[in-house]
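Please work through the following exercises with the sequence and the structure at hand. Each task is followed by a solution in steps.

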Amino acid sequence: MANVLLRIVLLFAPLSALSFGGGQTIIADVQHQSVSVYHWLSGQEFADLFAISRVSPGPTTLISALIGWHLEGFTGAIVATLAMYIPSSVVFVVVTLFWHKSEGTRWRRAIERGLAPVAVGLIFAGAVAVMESMHATTLAWATTAIAACVVYFTKLNPYILMSAVALIYVAVFYVPL
Amino acid sequence: MSTLEESAAAPAAQNVALWDIFTAFVRISVMSFGGSTAAWAYRAVVEERKWMDNDAFVAGMTLSQVMPGANPVNVSLYVGQRLRGPLGALVGAIGMILPALVVVLVLAVLYTRLSGYPLTHFLLLGIAAAGVGATFSMGAKVAVRVERKLLRYVFAMVAFVTVGVLHWPTVPVVLVLVPLSIICAAMEN
């Protein structure tokens, strides 16, 4: 067991520290290592776990927890989660330490002004990427458009929004139009 | 540090309780379907609690995307650290990861049973689509705050087209665009 836990750490910790650009950039590596190299899961099992991590809230890299769970139950899930997030988090906190101290300085203002337009492009790019990856239908695009307007123009509690969407989808599913 | 810098950084001294950071991110975590973490964090941190201004949050979001680590976790680290230093970062990240971890494990246990029903997939798709709506809303809010200058629009469009349409990887695109954008912003003064 300790051996497997160690291997879990050795798989996820280096990938964590190298996941420049976010979790999705290392999923292919995780798949290759866990399926082809270690034979921890079959291709189909990996696909199932990936589907679960995709539809869950939070980061997609929580697939690491699912793989850990698959191997060693609760302990495996915890160890994999820690291995996945501690290295990248330490790097992030150390690097941004200086950034936070510089608040209000002139060079920091220039950086913020330069970052803002690029951020806008990336926000919309990310939204489009999610819609593409889930093969959005007309209904899904309509949901997105309406939700966007609700969030933009109102202060409606997100839980109410999400619950309303769920109810409408259940209704649409059972009531043929 | 000069007095001017201290006064500019004053909002950080509002000493937000660690518990408030934790609960804020727990709430964000459980509704972050369809990659909408940053959108809900923007609403909670910038609009509702006013822990940070638009520009500081947006800059942190971009750092979160480029640096190693999952974007949602990095956003929670960024906000937590800005408010209460490394301890705040730790608390924010735990608030972000823990609920999502519980949900993903519960879903994994139920998955074999639930995946047999077509409704499951249909429903999750709808909720994810609503999450994307939150992201579009945040994108619009951040966009209207960008300075109205042609070059800003050009950089925003290039970032969107290269990453969103042409599917180029984010990191190299950002590493080229951001320095150019910053130089342009600095030279205008």
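The model is predicted: local features need pLDDT of at least 70, side-chain atom pairs count only at pLDDT 80 or more, and totals for chains, interfaces and linings use all residues. Residues are numbered from 1 along each chain as its sequence is written, while chains are lettered from A and ligands numbered from 1 in the order in which they are written.

**Exercise 1. Determine the pLDDT of chain B and the stretch where the value is below 50.**

Step 1. The pLDDT is the predictor's confidence in each residue, from 0 to 100. Chain B averages 89, and 92% of its residues score at least 70.

Step 2. Residues 1-10 of chain B have a pLDDT below 50; this stretch makes seven contacts in the model beyond near neighbours in sequence. Where pLDDT is low, the predicted coordinates should not be read in detail.

Step 3. For the complex, the predictor gives an ipTM of 0.91 and a pTM of 0.89.

**Exercise 2. Describe the side of chain B that touches chain A.**

Step 1. Contact requires C-beta atoms, placed from the backbone, within 7 Å. By this criterion, 89 residues of chain B meet 77 residues of chain A.

Step 2. Helices are DSSP runs (H or I, at least four residues), numbered from the N terminus. Several helices of chain B each supply at least two residues to this side, among them H5 (71-114), H6 (118-145) and H7 (150-165). H6(B) gives the most, with 22 residues.

Step 3. The residues of this side comprise 65 nonpolar, 18 polar and six charged. Here Ala, Val, Leu, Ile, Met, Phe, Trp, Tyr, Cys and Pro count as nonpolar, Asp, Glu, Lys and Arg as charged, and the others, Gly among them, as polar.

**Exercise 3. Which orientation do H5(A) and H7(B) have to each other?**

Step 1. Axes are lines fitted to C-alpha atoms, for helices over the stretch in contact, with angles from 0 to 180 degrees between N-to-C directions. The axes of H5(A), residues 106-133, and H7(B) come within 7 Å and cross at roughly 30°.

Step 2. Angles under 35 degrees count as roughly parallel, over 145 as roughly antiparallel, 65 to 115 as roughly perpendicular and the rest as oblique. H5(A) and H7(B) are therefore roughly parallel.

**Exercise 4. Which orientation do H6(A) and H6(B) have to each other?**

Step 1. The axes of H6(A), residues 138-153, and H6(B) come within 7 Å and cross at roughly 45°.

Step 2. H6(A) and H6(B) are therefore oblique to each other.

Step 3. The contact has 14 nonpolar, five polar and one charged residues.

Technical notes:
Two residues are in contact if their C-beta atoms, placed from the backbone, lie within 7 Å.
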